[in-house]
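Reader: Could you walk me through this model, one question at a time? I would like each answer to finish on the thing I asked for.

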Amino acid sequence: MKAAVVKDFTSPLVVEEVELPAPGPGQALVKVLYSGVCHTDLHAAHGDWPVKPVVPFIPGHEGVGEVVAVGDGVKRLGVGDTVGNAWFWSACGACEFCVTGRETLCPDQRNGGYSVDGSFGQYMLVDAAYAPVLPAGVDLRAAAPILCAGVTVYKGLKESEVAPGQWVLVSGVGGLGHIAVQYARAMGMRVVAVDVSDDKCALARRHGAELAVNALTDPDPEGTVKEFTGGGVHGGLVTAVNGKAFSQAVGSLRRGGTLSLVGLPPEQFPLDIFSTVLLGLTVRGSIVGTRADLAEAVDFFARGLIEPTYTLRPLTDVNAVFDEMAAGRIEGRVVMDMSA
Ligand SMILES: [Zn+2]
Ligand SMILES: [Zn+2]
């Protein structure tokens, strides 16, 4: 099969013929039709994170396709089923996190396109107990970004503890943020968006944000948010990859508000102890979602409530796509078409 392979962390990916993997016990072999490209794939290919993948490997954790073979003992999936892979590829199923509904914190989890070969190829393996199943009839190109971007923002919004009818801040209206605005609306939240581009602010308004603030041109973005919402947002989600956005989001919270962090810039941000204590603020991280979160995120999408913006590209464009991503030139998401 053809796949995009990371040979080392300093060279471009090599699109080449590799051996077709065979499904082991509990696994399924999937013919990949489409795969989204996530910022994490870029970090994986560059070996940016403390725990590095072992080269050579195939990135990609927003793959969708059709099951063509199953290994021993597989009951949940059958040939012909439409499934995906995900960052949360599998977990131990037995640790304190797995048995308390927090399986994405499992220390023995495996990650698609990182510790297990991913979806940047014509075939991939999935764990039959963990692979997300996609309902019949959904647009698989648009479904691909739901498997990481979609579930990440959906879970992050749940973690913000904003109730229907309350205000939520979506900071950053890029690949994750434009999907977050749509999930927030579908979950009954009232949305305030912040970005540093007028185009992204307009995109947020098109998706239903009642206010979109350009933090570059507004001299007091926090004040604007607080005035519009009558005291600040009840919760927020930071998808931005700019440290300043994190401080601004904390400053936009209402008393008792909760901020979920999902964006991963390399820097730190100062958290003011006095206001955090006196205003009873909560700041927490949120990482992808459990199998149940992912099924819920897919359900919102399947009901036509979420429309990711994406561009289709062939697998052979993978290095160009990475360059564009690193330069911040990608609108919405790139989805690679494995048949192209
Ligand atoms: Zn991802
Ligand atoms: Zn576990």
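Author: Gladly! Domain bounds here come from an automatic or database domain assignment. This is a predicted model, in which local features need pLDDT of at least 70 and side-chain atom pairs count only at pLDDT 80 or more, while totals for chains, interfaces and linings use all residues. Residues are numbered from 1 along each chain as its sequence is written, and chains are lettered from A and ligands numbered from 1 in the order in which they are written.

Reader: Which residues make up domain 1 and domain 2, and how far apart are their C-alpha centres?

Author: The domain assignment gives domain 1 as 2-148 + 289-337 and domain 2 as 150-285. The C-alpha centres of domain 1 and domain 2 lie 27 Å apart.

Reader: Which helix gives the largest share of the side of domain 1 that touches domain 2?

Author: Two residues are in contact if their C-beta atoms, placed from the backbone, lie within 7 Å. The contact takes eleven residues from domain 2 and 19 residues from domain 1. On the domain 1 side, the largest share is six residues, and they come from helix α9 (residues 291-302). Helices (H or I, at least four residues) and strands (E, at least two) are DSSP runs, numbered from the N terminus.

Reader: Nice. Which strands are the edges of the open sheet of six strands?

Author: Two strands pair if DSSP finds at least two bridges between them. The order is β11-β10-β9-β12-β13-β14, with parallel pairing. An edge strand pairs on one side only, and that picks out β11 and β14 (282-285).

Reader: What is the hand of the crossover from β10 to β11?

Author: Strand β10 (residues 190-195) pairs with strand β11 (residues 211-214) in the parallel sense over four bridges. Within this pair, Val-194 stands opposite Val-213, and Asp-195 is opposite Asn-214. A crossover counts as right-handed if, with the strands pointing away from the viewer, the path from the first strand over the helix to the second runs clockwise. The chain passes from β10 through helix α5 (residues 198-206) to β11, and this β-α-β crossover is right-handed.

Reader: Why do the buried residues of helix α6 lie on the same side, and what do they pack against?

Author: A residue is buried if 20 or more other C-beta atoms lie within 10 Å of its own, exposed if 12 or fewer, and partly exposed in between, with C-beta atoms placed from the backbone. In α6 (residues 221-228), the buried residues are Pro-221, Glu-222 and Val-225. They share a side of α6 because they cover an arc of only 100° around the axis, the arc being that of the directions from the helix axis to the C-beta atoms. Their packing partners are β9 (167-171), β10, β11, β12 (233-238) and α7 (243-251).

Reader: And which residue just after helix α1 takes a positive phi?

Author: Helix α1 (residues 39-46) has Thr-40, Asp-41, Ala-44 and Ala-45 as its buried residues. These cover an arc of only 140° around the axis, so they sit on the same side of α1. Their cover includes β3 (27-37) and α10 (318-326). Just after α1, a positive phi of about 60° is taken by Gly-47.
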